[in-house]
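Hi,

Here is the model I promised to pass on.

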Amino acid sequence: MKNAPRILTFIATACLLMLFFFPLWRITLIAPQYPDGVTMYIWIHQITGDSPGTLQNINILNHYVGMKMIEPNSIPELSYFPWVVGGLGLMGFLAGIINRSKFYLSWASIFLILAILGIYDFYLWEYDYGHNLSPTAPIKVPGQSYQPPLFGSKMLLNFNAISYPATGGIFMGIALMLSILVSWIRIKLNKLKTQS
């Protein structure tokens, strides 16, 4: 039990670093013309699709309703998110080495704050793309916006937009829960130690 916080922290850090190998989020568009769906994967450093032409197809669809083109090179988060994740992973590793309550708690707190800020940033990104429409769009529907859901599914004209965490996002969620659990375990161990 004494080594549980350290072991769980190393596991949490390993889960967090899976973001370098798996996408964070995925958005799938399903419509009569795309019955199998078109899926876009958002990584911490790039945006890809389920086929080489996915991003181009999504940009063509977006053009018709006046949405901006999705250009990964113009999204600043994709350049600094790897540094944020790497720094957070290093903090977790150091917390496990130092093995003190305040370090575990600091790491979990920073992790939670960054996760909330990241989700909020993603929401703002989706909002901008879905609401900031070109007035010269070929297809105009008064009052219609095209913001995909942050989590879940939503009909956008004849498209069903489905948004969920991808493999990397699931690993990150596990890492966050473990970081909070580790802080709680360490605090409990300290209380037991002072009582004995």
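Two things before you start. This is a predicted model, so to speak of local features I needed pLDDT of at least 70, and side-chain atom pairs count only at pLDDT 80 or more, while totals for chains, interfaces and linings use all residues. Residues are numbered from 1 along each chain as its sequence is written, and side-chain values use heavy atoms, with hydrogens and water left out.

Strands first. Helices (H or I, at least four residues) and strands (E, at least two) are DSSP runs, numbered from the N terminus, and two strands pair if DSSP finds at least two bridges between them. Strand 5 (residues 159–165) pairs antiparallel with strand 1 (residues 25–31) over six bridges, and Arg26 sits opposite Tyr164 there. Strand 4 (residues 152–156) also runs antiparallel to strand 5, joined to it by five bridges; Gly152 has Ser163 as its bridge partner. Strands 4 and 5 make a hairpin with two residues between them. In that turn, Leu157 has a positive phi of about 55°, and Leu157 is partly exposed, at 39% relative accessible area. (Buried is under 20% relative accessible area, exposed is over 50%, and partly exposed is in between, with a 1.4 Å probe and protein chains only.)

Now the inside. A nonpolar core here is a set of buried Ala, Val, Leu, Ile, Met, Phe, Trp, Tyr and Cys residues joined through side-chain atoms within 4.5 Å. The largest one has 22 residues, and Met40, Ile42, Ile47, Ile70 and Trp125 have the most contacts inside it. Strand 1, strand 2 (34–42), helix 2, helix 4 and strand 5 each supply at least two of its residues, with strand 1 giving the most, four. Another core lies apart from it, with 20 residues, including Leu8, Cys15, Tyr104 and Ile185. As for contacts (heavy atoms within 4.5 Å), Ile47 touches Met40, Tyr41, Leu55, Ile70, Pro72, Ile75, Leu78 and Trp125, leaving aside neighbours within four places in sequence.

There is one salt bridge in the structure, meaning a side-chain nitrogen of Lys or Arg within 4 Å of a carboxyl oxygen of Asp or Glu. The partners are Asp128 and Lys68, with their closest N and O atoms 2.4 Å apart. The pair links distant parts of the chain, 60 residues apart: Asp128 is in helix 4 (residues 101–131), and Lys68 is in the loop between helix 2 (54–65) and helix 3 (77–98). Asp128 is partly exposed at 27% relative accessibility, and Lys68 is partly exposed at 34%.

Asn59 is buried, at 9% relative accessible area, and is in contact with Lys68, Met69 and Ile70, its neighbours within four places in sequence aside.

One more residue to look at is Asn99, in the loop between helix 3 and helix 4. Asn99 has a positive phi of about 60° although it is not a glycine, and Asn99 is buried, at 10% relative accessible area.

Cheers
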